[in-house]
Amino acid sequence: MSLSPASSSWVIWPVVVPLLGTVVCFLYKKKPCLAAHFFAVVTCGTSTVLGWQVLDQGVGRHLLGGWSPPLGISLRADGPAALMVMMTAVTGLGITLYSGGYFQSRLTGGSQDRRFRAQEQSFWPLWLLLWAALNGLFLSGDIFNIYISLELVALSSVGLTALSGKPPSLVAAMRYLLVSLLGSLTFLLGVGFFYKAHGTLELAVVSRVLAPTPPVIMALVLVSVGLMLKTALFPFHFWLPPAHANALAPVSAILSALVVKGSWYLCYRFWQGGGLPAVVGVVPALLGSAAIIWGAFQAFSQQRLKMLVAYSTVAQIGYLFVAFPLLADPAGQGSDALFYFAISHSCAKAAMFLAAGTFFLQMGHDRIRDLAGVRQLLPVSSFAFALGGLSLMGLPPSGGFIAKYLLVTAAISQDLWWLGLIAVLGSGLTAVYVFRAVSSVLSPHLLEEQPALVVAASMQWSALALALLAIVLGIMAPLPLALLEVT
Amino acid sequence: MVNPGRKRLSPAHRPWPLLVLLLLFFVALVWVYLVPGSAPGGLARQVDASLAASGVRSRVTAVLLNFRGYDTLLECFILLLGVMVVWSQRSAVTTEPRQPAAGAILASLERLLLPLMILVAGYLLWAGSSQAGGAFQAGAILGGAGVLLLLDSSPFLGILPRKALVWGITLAPLFFLAVGVAALTLGRPFLTYRFQEASLVIVALEVAAAFSIGLCLATLFAGRLPGYQVGPSQGKPPAKRGE
Amino acid sequence: MVVTAFDMLLCLTLVWLAWYVLASRDPFRAVVLFISFGMLMALGWVRLRAPDLALAEAAIGSGLTGALFLSALRKIAGTTKEGRRLERDEEI
Amino acid sequence: MALSPSLLYGLTGLLLFVIGLAALFTSPQLLGKILAVNIMASGIFLFLITLAHGSGTLIDPVPQAMVLTGIVVSVSSTAVALALLCRIEEAARPHGHLPEKKDEARQG
């Protein structure tokens with residue numbers, strides 16, 4: 001346990017910089033894209049500094065306003081938090097580069113240009129605010145502050161979802177908003193019970209279950225249910241596919257790769273404190289297993305590519321909860337496996353959604369059957385999509401493989417072999433639906449006419465960079481795992 | 001909305017099993033609520049002990065603007081976020097029935113109430129340092145004054161230059177960030193103000209917050225981007241299809 | 001402090017109003033009832049010795065939220081062909 | 001246990017939360033659902049405030065600050081919900097003019 005005595009200022013910058021960027025993009029309407037790129041790069045830089053400092057100096061703390069916890073709010077950057085901030089930074093930078101090209105490519109001089117420009121103007125400040133709120137969520141050490149950050153994340157995600165303006169996306173955004181508000185309010189009720197039981201709002205105190213009294217159990221149940229609603233774990237997943245599939249291309253990637261991780265991470269924080277018997281963790285594991293099977297089945301029967309990728313997110317969220325029973329043993333590798341799933345899914349899913357968005361923009365539709373031949377037109381995006389799929393399946397050199405390997409070994413060492421069995425079964429199911437999509441995208445079928453290329457190069461290459469990262473994560477595993485050691 | 005049942009999220013109409021489940025949930029909540037907590041009194045003592053160093057005498061204001069100032073900063077961003085989302089969803093058709101002019105009652109009400117509301121807002125802001133009141137209430141009253149003006153079809157949000165409105169809305173978040181970053185550059189934690197400056201900084205923050213909150217609330221009510229308003233009065237086609 | 005008849009009455013009215021708001025089929029009526037619900041909440045805050053909240057609830061929770069709901073109703077009525085009649089004086 | 005005012009209001013708050021929850025699930029109209037969420041929030045605020053009355057005379061200001069923040073958060077989310085509601089109603093109008101198919105295709 002290493003704690004720097006004073007407040008370290010590098011902890012707060014990944015939150016402050018995107019907040020500043022939000023205001024600047026909101027005020028500077030002429031070239032918001034330029035300002036947003038600048039702030040995205042700076043946020044990425046400060047996040048890297050944070051990751052490096054945590055590796056170097058250990059856990060960092062920041063006492064906001066100079067008041068120490070029971071009274072004030074503290075930020076705490078330990079290994080898992082730093083890893084999530086880094087994940088958001090890398091994926092976020094890729095998505096930012098993609099969005100620049102995306103909004104540029106949509107301007108064709110037609111009658112819709114004014115509307116597309118307005119969408120772009122709204123997109124940048126919302127995206128930067130969402131980024132800041134996610135970083136705030138990962139670093140926060142105070143449960144009421146987490147509630148406010150959750151609301152920031154939810155409202156900005158809803159705003160981004162509704163940006164496309166199509167009726168299906170509006171209805172999906174409305175449903176998303178109602179579910180999110182229900183989740184936040186349930187969380188807030190849990191916060192109230194925690195405050196009643198402990199007399200403090202500090203996360204580190206609250207998440208340590210010493211004596212499971214009724215208020216503490218009720219609080220934990222309420223908080224977990226609220227967060228699972230927001231993460232779209234199996235029985236609560238109904239709102240996710242329409243919201244993720246009908247949004248603009250960069251927004252789909254943001255929602256699937258990053259936003260669901262925010263509430264999942266908090267769920268992990270509340271469960272990892274220790275003191276809970278392993279039996280309790282079986283509930284999320286069972287829900288997760290159901291999600292893996294149901295999500296894969298639904299993904300396979302979709303006709304639209306973006307719907308397929310969205311249902312695959314439902315299935316992959318299942319993996320994020322399957323290892324929960326393994327958290328009871330603090331020496332085990334359960335949390336390593338969870339975080340590896342999170343980061344490799346983030347890169348792979350962002351790449352797949354970005355590539356699917358590129359197909360959509362180029363072809364004007366995303367019907368899987370009619371996408372055959374798109375490979376000739378968009379070779380880089382097609383390759384990125386296939387690589388992302390490989391990582392989801394968990395084939396050897398990829399990050400998804402390391403995650404499944406860690407999960408299976410941890411499960412066997414703790415005599416919970418059925419978890420390993422589910423992971424392997426899930427891989428098979430994933431392979432089936434990924435193969436269905438990839439075989440269409442990569443099919444040697446020739447396009448009848450060769451339409452002109454409308455998509456910018458940055459859209460293709462940013463997706464490929466993220467997909468390659470998802471593969472490389474399998475080779476550079478020691479680095480993230482070393483970061484996770486810092487607690 | 002007019003057609004009840006035209007759009008529904010869940011097809012179930014009278015799900016009795018659900019209501020029974022909710023009843024059980026309520027019983028569980030009540031049972032847990034009646035178990036006495038182990039820490040009665042919460043943080044009251046800690047707040048009292050540090051009140052002298054906070055720079056204000058009102059305990060709620062001290063919590064909001066000093067001990068948990070970061071929460072309040074994020075809250076200002078939530079209001080800003082609300083405005084951003086509402087503006088991004090601007091309506092395709094602004095056939096909002098604009099009444100030609102308010103009735104005599106509204107007009108006289110307005111003449112009477114507006115100065116009074118601004119006075120009350122100022123008082124609340126001033127009173128906030130020692131008793132009930134503060135930035136939020138003052139901001140709310142200011143927002144109410146704005147809503148009253150809008151009800152009278154006063155185009156004050158439209159007349160106001162767009163730049164001024166946008167800067168006014170971002171005043172509080174920007175000022176908060178500036179105070180925080182200033183503390184960081186002086187080598188202190190984010191949003192720290194020492195005792196000597198505390199009262200001054202808090203008063204300045206409160207004025208900025210009240211102003212921005214009022215403007216945000218009035219803008220949320222107006223619900224459209226200034227300068228965008230397409231009314232019959234401006235002679236443009238009333239509907240922008242496909243927005 | 002002891003529970004007075006006023007507290008009992010206030011709590012009962014709050015619950016009854018909430019039920020009425022949510023069971024009402026007419027959106028306009030539901031919104032008006034919701035505004036009065038907010039006003040009674042403000043009374044409750046006074047009873048719980050939280051005057052700050054009473055002020056905020058009366059101004060924001062009831063007043064501004066109510067105004068938002070009413071203006072949304074008006075917009076919806078304006079976009080629907082056979083929109084419901086909304087007289088100007090109802091909006092104050 | 002004697003019934004103190006704070007206990008009474010706390011129980012009322014929990015009841016309001018559950019009523020709102022029931023309406024959120026059963027209400028056929030979107031406006032009803034938004035109202036239900038607002039009433040749930042009011043119930044939670046009532047519940048939170050009663051936590052300030054733990055020990056006799058000393059009132060804890062932290063729940064009061066929490067509720068004050070919560071009220072502002074809820075007005076912001078209500079505004080967003082209502083803006084969305086207006087757009088949805090508009091799109092569902094019987095004689096509404098939706099953008100043509102050709103343009104929609106470019107939004108991927």
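Which helices of chain A and chain D are included in what covers the buried residues of helix 1 of chain B? Here are some notes on that and on a few other parts of this predicted model.

1. To take the opening question: the cover over the buried residues of helix 1 of chain B includes helix 6 (167-198) and helix 8 (214-231) of chain A.

2. The residues of helix 1 of chain B that are buried are B:Leu22, B:Phe26, B:Leu29, B:Val30, B:Val32 and B:Tyr33. Looking down the helix axis, you will find these buried residues within an arc of 165 degrees, so they line one face of the helix. As background, an α-helix has 3.6 residues a turn, so residues three or four places apart point the same way.

3. Helix 1 of chain B covers residues 16-34, and at 1.5 Å a residue its 19 residues should span 27 Å. The C-alpha atoms at its ends are 27 Å apart, which agrees with that expectation.

4. Next, the interface between chain A and chain B. The contact involves 59 residues of chain A and 52 residues of chain B. About 4,900 Å² is buried between the two chains, and carbon and sulfur atoms give 76% of that area. On the chain A side, A:Phe26, A:Trp67 and A:Leu71 supply 15% of the area buried against chain B, more than any other three residues.

5. How many salt bridges are counted between chain A and chain B? The count is one. B:Arg68 forms a salt bridge with A:Asp142, and their closest N and O atoms are 2.7 Å apart.

6. Chain D has four helices and zero strands, giving the pattern α-α-α-α along the sequence. Of its 108 residues, 76% are buried. The accessible surface of chain D is about 2,700 Å², with 62% belonging to carbon and sulfur atoms. Among its contacts with a separation of 6 or more, 51% are between residues 24 or more positions apart.

7. Chain C has three helices and zero strands, and buried residues make up 54% of its 92 residues. Chain C exposes about 4,100 Å², and carbon and sulfur atoms supply 67% of that surface. For contacts in chain C between residues at least 6 apart in sequence, 50% join residues at least 24 apart.

Technical notes
Residues are numbered from 1 along each chain as its sequence is written. Chains are lettered from A and ligands numbered from 1 in the order in which they are written. This is a predicted model: local features need pLDDT of at least 70, side-chain atom pairs count only at pLDDT 80 or more; totals for chains, interfaces and linings use all residues. Side-chain values use heavy atoms; hydrogens and water are left out. Helices (H or I, at least four residues) and strands (E, at least two) are DSSP runs, numbered from the N terminus. Buried means under 20% relative accessible area, exposed over 50%, partly exposed in between (1.4 Å probe, protein chains only). Contact means heavy atoms within 4.5 Å. Accessible areas come from the Shrake-Rupley method with a 1.4 Å probe; for residues, only the protein chains shown count as cover. The expected span of a helix is 1.5 Å times one less than its number of residues. The arc is that of the directions from the helix axis to the C-beta atoms. Buried area is the accessible area (1.4 Å probe) that two parts lose on being put together, summed over both. A salt bridge is a side-chain nitrogen of Lys or Arg within 4 Å of a carboxyl oxygen of Asp or Glu.
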